[in-house]
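Good morning, colleagues. Please look at it on the screen as I speak.

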Amino acid sequence: MTEPAVPPVDDGTPLRVRVVRADRGALLVVPDDDLGAAAHRVELPRDGLLPLPDGTRVPPTVGDVVDVEVDATGAWRATALHTRRTAVVRDSAGRTSLEQAVAANVDVVLVVEHLDPEPDLGRVERLLTLAWRSGARPVVVLTKADLVPDADGMAAEVAQVAIGVDVHVVSVVDGTGLGPVRALLTPGVALVAVGPSGAGKSSLVNELAGREVMATHGLRADGRGRHTTTHRQLVPLPGGAVLVDTPGVRGVGLVAAPEALDATFADVTALAARCRFSDCAHVTEPGCAVRAAIESGDLPERRLASWRKLAREAAYAARRADARLAAEERARWKRVTREYHQRLRGAGSPRA
């Protein structure tokens with residue numbers, strides 16, 4: 001691995017670097033002011049966590065800005081994590097209530113969905129909610145336009161659920177529609193691509209980069225996508241932008257603020273505000289504007305069902321997070337109490 005052109009400093013000033021890739025126990029980083037430089041390996045603390053300015057210790061992710069110090073042996077060690085401007089966050093897999101940051105400090109979230117097989121509108125809504133929650137700008141990119149007869153018609157259906165979001169139809173094979181996506185790649189802009197396996201994220205990244213930086217494979221025999229990207233990596237692009245490619249996701253645990261759901265389902269939210277009752281459940285209540293819109297055909301029943309599903313998931317994730325925080329607080333007070341009694345007894349004193 002080629003070492004970056006960043007001289008170690010010996011005056012105690014930490015190096016400010018950007019995470020290119022996060023592995024267990026170590027990071028690959030580049031200078032924060034030279035994202036195209038060669039990467040350097042940096043050791044993490046034993047627990048794999050770094051402190052944020054408020055003292056919270058979290059695992060670093062791709063796109064994070066971290067401080068690095070060089071010890072007496074010349075080894076580079078990460079010591080602190082800078083506050084994240086934005087963060088794409090998902091609920092962690094399994095039964096843990098911890099959240100997982102997929103990418104940090106990104107400006108644009110590319111929600112990549114394939115046109116062949118047919119787009120999954122529910123998945124698009126889920127990923128848009130993930131994007132709105134991050135604080136970055138969501139943009140939908142529909143790939144494989146060369147494989148379908150009516151790409152524009154399919155895109156129009158997606159646009160109906162991507163309210164306030166640009167929707168671009170592209171084909172990496174023949175170059176269709178790539179101009180508006182390339183226009184996003186302005187100097188200093190960081191993007192992240194999220195979407196299912198087989199959506200063509202890696203092919204899109206390779207096309208935008210102008211070289212093969214990610215391996216690509218075709219669909220499986222059952223039409224489902226293969227996991228070609230197995231890690232998250234920051235890729236420099238021509239013109240000074242950078243892009244994070246992410247592994248395909250078959251299911252995304254939702255961590256969403258109410259504002260993110262309101263942005264994704266702006267049509268449902270606007271209708272709900274017109275209901276006769278402020279606590280309307282949109283089932284059988286009189287004066288329900290949401291049910292009236294469904295009966296008139298202005299709002300698909302599927303759209304309301306998707307909103308309810310994601311709202312339930314978000315509420316469940318919030319309850320789990322609250323339970324985890326409460327457990328951590330109880331553990332902290334137990335530790336404080338134990339240390340207090342130890343000080344009262346004095347070092348080496350027998351237990352009463």
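Throughout, contact means heavy atoms within 4.5 Å. This is a predicted model, in which local features need pLDDT of at least 70 and side-chain atom pairs count only at pLDDT 80 or more, while totals for chains, interfaces and linings use all residues. Residues are numbered from 1 along each chain as its sequence is written, and side-chain values use heavy atoms, with hydrogens and water left out.

With contact defined, consider Val-109. Leaving aside neighbours within four places in sequence, Val-109 is in contact with Val-88, Ala-131, Ser-134, Ala-136, Arg-137, Pro-138, Val-139, Val-192 and Val-194.

Buried here means under 20% relative accessible area, with a 1.4 Å probe and protein chains only. Of the 36 residues in this core, Val-106, Val-109, Leu-115, Val-140 and Val-192 touch the most other members. Several elements each supply at least two of its residues, including strands S2 (26-31) and S9 (99-104) and helix H1 (121-134). Apart from this core lies another, of 23 residues, among them Val-141, Val-170, Ala-193 and Met-214.

I turn to the sheet. Helices (H or I, at least four residues) and strands (E, at least two) are DSSP runs, numbered from the N terminus, and two strands pair if DSSP finds at least two bridges between them. What is the order of the strands in the open sheet of 6? The order is S12-S11-S10-S13-S15-S14, with mixed pairing. S12 (166-169) and S14 (233-236) stand at the edges with a single partner strand each, so one side of each has no neighbour in the sheet. Neighbouring strands are turned by 25° against each other on average, direction ignored; axes are lines fitted to C-alpha atoms, for helices over the stretch in contact, and angles run from 0 to 180 degrees between N-to-C directions.

S11 (residues 137-143) pairs with S12 in the parallel sense over 4 bridges, and Val-139 stands opposite Asp-166 in S12. Helix H2 (residues 151-161) packs on the sheet and touches S11 and S12, its direction making about 160° with that of S12.

Elsewhere, S6 (residues 65-70) is joined to S1 (residues 15-23) by 4 bridges, antiparallel, with Arg-18 opposite Val-65. S6 also pairs with S7 (residues 76-81) in the antiparallel sense over 5 bridges. S6 and S7 form a hairpin with 5 residues between them, and Gly-74 in the turn has a positive phi of about 90°.

Definitions and conventions
Core = buried A, V, L, I, M, F, W, Y, C linked by side-chain atoms within 4.5 Å. Buried < 20%, exposed > 50% of the residue type's maximum accessible area, 1.4 Å probe, protein only.
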